[in-house]
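Here is a short note for a colleague who is opening this structure for the first time. Please keep the sequence and the model side by side while reading.

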Amino acid sequence: MSETMKAVVIADDHKAEVREVKKPQPEAGKILMKVHACALCTFEQRMFTRDSHMPLPIVSGHEVVGEVAAVGPGIRESEYPAGKKVAARLLYACGRCYFCRRGEENLCENSNSQATKLEAADGSEKILSIGGLCEYVNVLPSQIFMIPDTIPDNRACFAEPIACVLKSIERGHIELGDDVLVIGGGIMGQLHVMAAKLSGARVIMSEPDPARRKMAEELGCDITFNPLEQEPIAFVKSLTDGRGAEVVFNTTPISAVAAQAVQMAAPMGRIVMYSSQHPDKPIEISPNWLHSSEAVITGAVSPSVRSFDRAVNLLSKGLIDPSRLISGEFAAEEAQAAFETAIRPDTFRCIIKL
């Protein structure tokens with residue numbers, strides 16, 4: 001009889017539950033990871049609220065930490081000892097496509113090819129699995145990053161979101177003394193504040209919620225303002241001798257704000273559209289302004305291998321402590337409450353312990 005494990009399944013609109021599925025065995029060339037905890041990203045939240053077209057039921061979750069449970073044939077146990085704490089970059093990189101060959105594996109053309117099917121314990125169905133909201137998952141050695149045992153699981157879960165932010169920071173090319181504007185004080189905005197301060201910038205945040213502005217200030221943000229009370233473009237320019245910010249990170253999903261982000265950048269500034277847009281409404285940009293300002297408008301999606309490695313280093317060395325961004329920890333059996341808490345606008349990250 002096959003061994004079984006728990007999996008947190010998004011089963012329907014606003015419905016999450018635990019199901020018993022068959023436990024995977026270590027695969028050749030892979031490491032079987034015992035998942036300790038998984039945080040609920042906005043990607044999972046959109047599936048829960050049906051703002052995503054992913055099919056249901058589904059096992060998702062990619063902000064994971066755990067330990068090495070076993071290794072498959074072809075992997076040396078001495079290199080990946082059982083019990084070693086690890087974080088995993090579950091986003092697959094094939095290493096052979098156009099983007100992987102150019103060091104942009106976050107854009108891998110085959111990133112979804114590792115999706116699997118988990119069989120229900122009673123054999124009644126197979127459930128699509130693309131993540132780590134289950135007790136065990138097979139991963140490639142290239143996806144594993146060692147974490148010191150001294151780092152608590154709830155902090156180690158942040159390796160993936162910090163890695164996403166560091167990819168964004170790389171796109172922004174922050175220089176010492178730059179004015180950096182972060183639009184939005186959600187979890188990703190707060191992590192941008194922390195990373196931008198480490199990069200030597202003066203950081204400004206635009207955020208209407210006073211509690212989020214206060215949090216940003218406590219995390220090191222130099223100036224915060226309410227864009228509903230201050231005209232944001234004029235205010236940012238008043239702080240920067242009329243130029244605008246050298247780097248602007250838009251962490252909101254609102255296209256009207258994306259249009260403002262462009263106008264708040266200085267000549268030769270870098271504007272990074274960090275967040276996906278929901279709904280995606282095109283914005284107008286003056287080609288002549290772009291020509292004469294030499295500004296750069298770019299995006300940042302998913303963590304690269306390099307940014308994930310840097311995120312693990314920052315966590316391991318205590319250079320970033322995301323503890324204050326944890327809004328709740330839940331047992332797997334409390335998955336419904338975890339998701340309902342995660343989608344509230346007054347929370348940051350909720351973590352499910354497996």
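1. How many bridges join strand β11 to strand β14? Four bridges join β11 (residues 179-183) to β14 (residues 245-250), and the two strands run parallel. Strands are DSSP runs of E with at least two residues, helices are runs of H or I with at least four, and both are numbered from the N terminus.

2. A word on the source. This is a predicted model, where local features need pLDDT of at least 70 and side-chain atom pairs count only at pLDDT 80 or more, while totals for chains, interfaces and linings use all residues. Residues are numbered from 1 along each chain as its sequence is written, and side-chain values use heavy atoms, with hydrogens and water left out.

3. Next, the sheet. Six strands form an open sheet with parallel pairing, in the order β13-β12-β11-β14-β15-β16. β13 (223-225) and β16 (296-299) are the edge strands, each pairing on one side only. Two strands pair if DSSP finds at least two bridges between them. β14 is joined to β15 by five bridges, and these strands also run parallel. A245 stands opposite A265 in β15.

4. β15 (265-273) is mostly covered, with seven of its nine residues buried (under 20% relative accessible area; exposed is over 50%, partly exposed in between, with a 1.4 Å probe and protein chains only). Helix α7 (residues 255-263) lies across β11, β14, β15 and β16, at about 150 degrees to β15. Angles run from 0 to 180 degrees between N-to-C directions, with axes fitted to C-alpha atoms, for helices over the stretch in contact (heavy atoms within 4.5 Å).

5. Helix α5 (residues 210-218) lies across β12 (202-206) and β13, running at about 175 degrees to β13. P227 is in the loop between β13 and α6 (232-239). Leaving aside neighbours within four places in sequence, P227 is in contact with S206, E207, P208 and P232. Buried or partly exposed: which is P227? P227 is partly exposed, because its relative accessible area is 22%.

6. Last, the second largest pocket. α3 (159-172), α4 (187-198) and α9 (305-316) each supply at least two residues of its lining. α3 gives the most, with three residues. The lining includes H173, R310 and L314. Its residues divide into six nonpolar, two polar and two charged.

Notes:
On a 1 Å grid over the protein atoms alone, a cavity is a set of points where a 1.4 Å probe fits but cannot get out, and a pocket is an open set with protein on both sides within 12 Å along at least five of seven lines; lining residues have an atom within 4 Å of a point. Ala, Val, Leu, Ile, Met, Phe, Trp, Tyr, Cys and Pro count as nonpolar, Asp, Glu, Lys and Arg as charged, and the others, Gly among them, as polar.
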